[in-house]
Amino acid sequence: MSDREQDGGDKTEDVAPQPEVWPEVERAEQLARGAALKWASGVFCRPEHLERLSQYRKRESHRTTSIHSRLKSVVQSYLEGVGWGLGQLRGARAELSDVSHALRKAGLESSRNAEVVKSLETLTELSFNHSQLLAAVSNLPRLYAVRSMVAETERLVESRRLLEAHARLMELETWQDDILWQLHRGGSSGGSALSAEDNQMVTAYFSGVGRLVEALGKELWAVVSSGLALARQNPTPFVSAVRIVEREEALDQLFLEERGGGGATGHGRPLPPGRPRCWRERLFQVLEEAVCTRFRSVSYLHTRGPGLAGHLSALQHGVMADLATVRHLLEHCVPAHYCLTGAYLRASHRCLQAHLAQVSSWELESGEIFAVLNWVLHIYNSLDMMGHPELMAEIQRQELGPLISMEGLEKLHNKYVHSVRKSVSEWMHKALEVELTDWQRDQDPDTDHEGFYHTSLPTIITQMLEENARVALMIGQSLRDQTIQMGLYEMENLLNRFREALVEFGKEHRRDPSNNKNKFYLHYLLASISNCIILKTSTESLQQQQSSRSASQFTRTPPNPLAALDRAVRRACRLVMDQLLLELQPFLQGFLTRPWLVQGDPTPKVCQVLERHLELYCRVRPPCRQRLQEESQWLTVVEYVRALMQKRLVCRSAEDRRQLAQRMAQDDQQFRELFHGLEGEGSVPEVNPLALLPVLADFIQLKDPGMLCLEVSGLVAKYPDISEEHVSVLLDIRGDVTRDVRGTVLDLLEQSAPPLPAGYRPIFTDILVPPSMSFCLPTAKCA
């Protein structure tokens, strides 16, 4: 190190340490100086303000002096407090030294007394042994008498002298409790616990007491469980049992109070063995077990089937008889706070719940399920059972709750509906088989008082469904609605099978129409239609019985038997019309021919067939009777016009056209006379098919071909479904229409094709025009 650096170092060591300046204080001082300068520059910026500089200096000096004085006073007060605290600490240190000195003296005294305490422990043990010996000697007479008292008490229990037996038992238990307490108290006062050997010795002497308690309890509960029978004969044992139970309850309460130290002589006395016995609670348990035993004793093995209703009736009479015995006899044998009738009600209700839950789990028939539901929902809550006024005064019905839960009721409803559905399906299948057998009979169907054809099918189905709905309503509206819904499903299935059977019936008839078995084919078709009308009325009645709320609860597709009925009716009507056409077919070939034009031969025969059919249609219930009449009228006109469209007859002169029109008018008159009663019996179609024949006759006999355009316009206005082919055939039948007129007429027809009006039933659509072989030269193109 250089001399210069050494000199510098020495100088540094010689300089006194400067006091540390905090950055915050330095920054605050700078801010204060800046603020003061800013204030001063603002105040003394003008020359005239400099005259007040001396005043400002005095004011600031006074303020600085005041601040210094306040700071001195605050520091002085802090210093005084610190001095007082130091004085308190000095006094506390002196007191602590005195206390530590006293503790050291007490520790020395305690170590000197330890040998004396060891000699006192020996004296305590000797005192405990002497106290136990004294207790044992004083209780020797009692101990020797225990065995004889136990034996005597056992004889009293066996002879059912319960009160005397319980008095001896209480005496024995008092002895046992006193001896154990004296031994325990002697041990606790001497500082030692009761030895295990002494406890075992006392327990051995009183071992028979525990057996006596069990034997007495067994006899008590036997008496209580047979209380109903004893109440009718001799209630004295039951009263004795109740008195013993009340004694035990009082002892339990006394010992519980003594255990807590609240008694007059207790002082924290421990509970004797087997306490508390809670025999009152046990009494009610035994009563409930007795009720359950009575339910279990009712054998159900011989009450299946129709006997279930008798079994439930026997339960009702048995429960009510027991409740009457309890209310009128047993209730007077117990204290009022027992509320024995209410307890028996609750026990019976719980047993019935368990029993009915077991019954509901079995595979029951519909009649058995109905018996259970009726008993649960109506009989049990009626005035003859739990709704009896005297019983309702004992307990509220809401306390008991339902015999079967809502879920259980719903399951029973579903099982009932499923069982009934199975039965209904079988009956409907058998009824349909009987119906198919009836169709093969060699005689007319049966007629009702109004003369309409019918068979046994609708009567069987209607009565079955209505009876099921009526029976289900006895349970409740919900079950009735479910049963009706099920019946409608089965009705729809039946009608679908019925329609299929009609189709097979028609096929069989078409295979061999001349078979004698099919002689009454048409009659049974008409009877089937009448049956459908009856079933429709029954179905509508069932649907009206359903409540809209319950009908909307079904999630799956609702049944639609009316649609199935309509399909079956339409199929049957179609078969009737097919049969009519089959019988008319041999005569339809003679229409619109030269022999017909001259003689008119086929028309009377056709009218005879129609008349016979219309007469049979009167055996059908309305409105299908009118429907068949209308369809037969429609069929006749369609076949007549179809024969015309085949051009079997083409006019060669005006005389031919006149004769053809006249013959058509005569046929129309005969048909009108045949169908004259149709309009008065029911609704008629918007387009009367018979009105077509005079229009066609007028078209054919029109003398001026130039007026055909106007005639065609009128024809199209009335029958907008007529096509060019139909008009062309009519022009061909006239035989006098030139090519120009034909072209004009067909052009007019093409331009004026109007749309079909609403409700119009097309007639020409059903009439196909046979293809015409146009004349042409044998060219390659035509070939």
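Colleague: Which residues in helix 21 does helix 18 meet?

Modeller: This is a predicted model. On the side of helix 18, the contact involves Leu488, Met491, Glu492, Leu495, Asn496, Phe498, Arg499, Leu502, Val503, Gly506, His509 and Arg510. The residues they meet in helix 21 are Pro561, Ala564, Leu565, Arg567, Ala568, Arg571, Ala572, Leu575, Asp578, Gln579 and Leu582.

Colleague: How many residues of the contact of helix 18 with helix 21 are nonpolar, polar and charged?

Modeller: Leucines are present on both sides, including Leu488 in helix 18 and Leu565 in helix 21. The division is 13 nonpolar, four polar and six charged.

Colleague: Are helix 18 and helix 21 roughly parallel or roughly antiparallel?

Modeller: The axes of helix 18 (residues 477–511) and helix 21 (residues 561–588) come within 8 Å and cross at roughly 15°. Angles under 35 degrees count as roughly parallel. The crossing is left-handed, and the angle makes helix 18 and helix 21 roughly parallel.

Colleague: How do helix 24 and helix 25 run relative to each other, roughly parallel or roughly antiparallel?

Modeller: Their axes lie 12 Å apart, and the packing angle is about 165°. Helix 24 passes helix 25 in a right-handed crossing. Since angles over 145 degrees count as roughly antiparallel, helix 24 and helix 25 are roughly antiparallel.

Colleague: Which residues make the contact of helix 24 with helix 25?

Modeller: By class, the residues of this contact divide into four nonpolar, one polar and two charged. Helix 25 supplies Arg663, Met664, Asp667 and Phe671. Helix 24 supplies Thr636, Tyr640 and Leu644.

Colleague: Why is helix 27 described as largely enclosed, and which helices are included in what covers its buried residues?

Modeller: Seven of the 10 residues of helix 27 (residues 692–701) are buried, so the rest of the structure largely encloses this helix. The buried residues are Leu692, Leu693, Val695, Leu696, Ala697, Phe699 and Ile700. Their cover includes helix 24, helix 25, helix 28 and helix 29.

Colleague: Is Pro762 buried or partly exposed?

Modeller: Pro762 lies in the segment after helix 30 and touches Trp634, Asp721 and Leu756, leaving aside residues up to four places away in sequence. Its C-alpha atom is 6.0 Å from that of Asp721, a residue 41 residues apart along the chain. Buried would require a relative accessible area under 20%. With a value of 26%, Pro762 is partly exposed.

Notes
Residues are numbered from 1 along each chain as its sequence is written. This is a predicted model: local features need pLDDT of at least 70, side-chain atom pairs count only at pLDDT 80 or more; totals for chains, interfaces and linings use all residues. Side-chain values use heavy atoms; hydrogens and water are left out. Axes are lines fitted to C-alpha atoms, for helices over the stretch in contact, and angles run from 0 to 180 degrees between N-to-C directions. Helices (H or I, at least four residues) and strands (E, at least two) are DSSP runs, numbered from the N terminus. Angles under 35 degrees count as roughly parallel, over 145 as roughly antiparallel, 65 to 115 as roughly perpendicular and the rest as oblique. A crossing is left-handed if the near helix is turned anticlockwise from the far one by less than a right angle, and right-handed if clockwise. Contact means heavy atoms within 4.5 Å. Ala, Val, Leu, Ile, Met, Phe, Trp, Tyr, Cys and Pro count as nonpolar, Asp, Glu, Lys and Arg as charged, and the others, Gly among them, as polar. Buried means under 20% relative accessible area, exposed over 50%, partly exposed in between (1.4 Å probe, protein chains only).
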